[in-house]
Amino acid sequence: MAGVSTINLHNPVPLSATAESSVAKTVLVGLTLVFFSLFLFLPLAVVFQEAFSKGGAAFFRAFGDPYTRHAIWLTLLVAAIAVPMNTIFGLAAAWSLTRFRFQGRWFLITLIDLPLWVSPVIGGLIYVLVFGAKGWFGHWLMDRDIRIIFAVPGIVLATVFVTFPFVARGLIPLMEAQGIQEEEAALTLGANGWQIFLRVTLPKIKWGLLYGVILCNARAMGEFGAVSVVSGHIRGKTNTLPLHIEILYNEYQFAAAFAVASLLALLALITLFLKTHAEWRAERQLHESSR
Amino acid sequence: MSITISRISKSFSRYPALNGVNLEIETGELIALLGPSGSGKTTLLRVIAGLEFPDDGGSVRFGGRDVTGLSAYKRRAGFVFQHYALFSHLNVFENIAFPFRVLPRRERPPEADIRRRVSELLGAVQLAGFEKRLPPRLSGGQRQRVAFARALAIEPEVLLLDEPFGALDARVRKDLRRWLRDFHERIKRTTLFVTHDQDEAFEVADRVVLIDKGVIQQTGTPAEVRARPVNDFVRGFLDLPPRQNIGKSFFIRNEPATARTSPPAQPLAHDTQVCAGS
């Protein structure tokens with residue numbers, strides 16, 4: 001093995017048949033870079049620049065505001081509920097959809113993606129239709145003084161709906177590719193279902209799982225549309241970070257709006273970094289288990 | 001441990017993989033399940049292991065015990081998978097120690113005993129010193145032997161091997177065949193292995209069970225089967241490359257002619273005359 005790789009080091013890699021001419025290559029790379037900087041890097045830089053436009057003191061003052069603090073807290077709370085829920089759901093779905101063969105399996109796999117195709121506004125509206133004052137359970141809930149819409153439970157529900165596919169989507173192709181041989185081996189060696197999951201399945205999928213959880217979390221904290229419909233925008237009560245940013249912006253508090261927005265932008269950068277790492281590890285894990 | 005298989009049928013969504021299979025295996029026998037691909041031989045092995053449950057009506061017995069409804073993890077038959085199914089995230093030592101790690105606390109031997117047992121097993125499969133290696137860093141033959149050691153760790157009464165040499169190159173296959181035969185002489189566990197290679201079956205096994213289209217066609221010692229094939233399938237399968245025989249029609253006789261000629265051969269009770277392809 002070592003010998004082979006040394007030889008490769010001394011031999012120049014031959015041009016592949018699909019290699020473009022150097023002009024086309026330069027143009028394509030250039031175009032990509034321009035696009036990236038115009039639509040990704042520049043806006044991101046503007047967010048941070050605007051956040052500090054009134055100086056560092058104003059930046060930190062924005063986080064002293066009780067409403068902002070409450071929005072941060074609520075966002076963390078919602079993510080802390082929605083992410084574990086969807087992690088468990090995603091694991092259960094991926095397990096059953098890849099481990100069992102049944103009719104309608106492919107339909108279910110496709111259906112998991114539903115929240116990604118429909119507009120998030122619909123994700124919010126369906127819960128208003130079900131739990132709102134004029135919805136199916138509206139009366140029943142009102143009689144018992146249970147508030148779901150325009151309250152935290154509604155925000156959690158809408159977030160769960162929107163972030164529902166991420167974990168399952170990350171795991172299904174991975175588990176499909178890995179197959180069930182190792183699980184069957186564990187079974188013949190005397191492991192019960194729970195032991196198989198903890199000792200065989202989980203170690204094999206951990207990076208794919210982490211990848212899904214990171215994306216799920218990013219979306220849970222950043223979701224605007226669905227949450228906006230069910231939240232009611234009550235300051236200090238039902239405003240999450242994205243909703244709070246919009247309110248600040250509409251009230252011309254630009255520095256504060258961008259200061260809070262920079263927090264979400266930072267989250268995105270951290271997510272990107274973690275995601276890339278998890279993705280890389282997941283790929284390596286798949287590669288190793290298939291060797 | 002002896003194995004008694006009676007009236008085992010198994011259907012997957014549309015086609016029957018096994019159709020009323022009866023088979024008696026004596027304690028300590030080394031049996032080859034021989035047949036073309038798709039014949040049902042692997043399904044039979046998996047039914048014996050408890051990885052596949054038969055359709056209603058059949059039964060699998062280990063010794064006197066009926067294990068038909070028992071899950072694989074309670075049956076504890078040693079199983080070596082065609083592609084070994086080693087735990088890729090665990091090193092060789094932990095792979096072999098796995099069956100001990102999943103024992104309930106009060107049954108689990110102390111760590112020192114596990115270490116001793118694992119090194120014994122590694123010695124037995126000639127892999128001493130490989131404890132820390134991860135499976136992806138082993139050759140095919142080495143992985144095969146780790147899978148063997150792992151299956152033997154809990155001292156199963158029954159050892160089941162699915163195409164044990166299928167994924168190895170010709171030279172390694174030859175060595176491992178001899179090794180399996182010698183190994184069997186030493187441990188004397190009831191062993192079944194699935195193969196589509198008649199040379200392999202005839203060289204290694206005490207008795208050969210020929211399967212096609214989910215039905216046992218003939219059983220007997222290699223010499224018996226060669227001397228007196230009971231039907232066209234067996235004749236064809238032994239003379240020609242297996243692939244070309246699929247689709248040929250044949251009938252099974254009630255009493256295989258060769259079955260009573262030597263002591264280890266068991267006469268097979270075919271319940272029904274089965275027409276191929278029905």
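The model is predicted, and it scores ipTM 0.79 and pTM 0.76. For chain B, the mean pLDDT is 82, with 85% of the residues of chain B at 70 or more. Helix α3(B) has the highest confidence in chain B, at 95, while helix α6 (residues 170-187) of chain B has the lowest, at a mean of 83. Over residues 240-278 of chain B, pLDDT stays under 50, and the model has 76 contacts for this stretch beyond four places in sequence.

Chain B holds an open sheet of four strands, ordered β2-β1-β4-β5, with antiparallel pairing. At its edges are β2 and β5 of chain B, each of which pairs on one side only. Strands of a sheet pair through backbone hydrogen bonds, either parallel or antiparallel. Strand β4(B) is joined to β5(B) by two bridges, in the antiparallel sense. The bridge partner of F62(B) in β5(B) is R65(B).

| Strand (chain B) | Residues |
|---|---|
| β2 | 16-25 |
| β4 | 59-62 |
| β5 | 65-66 |

The contact between the chains draws 17 residues from chain A and 20 residues from chain B. On the side of chain B that touches chain A, α2 (72-75) and α3 (92-101) of chain B each supply at least two residues. That side of chain B comprises 15 nonpolar, three polar and two charged residues. Helix α3(B), which contributes to this side, is also where confidence in chain B is highest.

Key
Residues are numbered from 1 along each chain as its sequence is written. Chains are lettered from A and ligands numbered from 1 in the order in which they are written. This is a predicted model: local features need pLDDT of at least 70, side-chain atom pairs count only at pLDDT 80 or more; totals for chains, interfaces and linings use all residues. Two residues are in contact if their C-beta atoms, placed from the backbone, lie within 7 Å. Ala, Val, Leu, Ile, Met, Phe, Trp, Tyr, Cys and Pro count as nonpolar, Asp, Glu, Lys and Arg as charged, and the others, Gly among them, as polar. pLDDT is the predictor's confidence in each residue, from 0 to 100. Two strands pair if DSSP finds at least two bridges between them.
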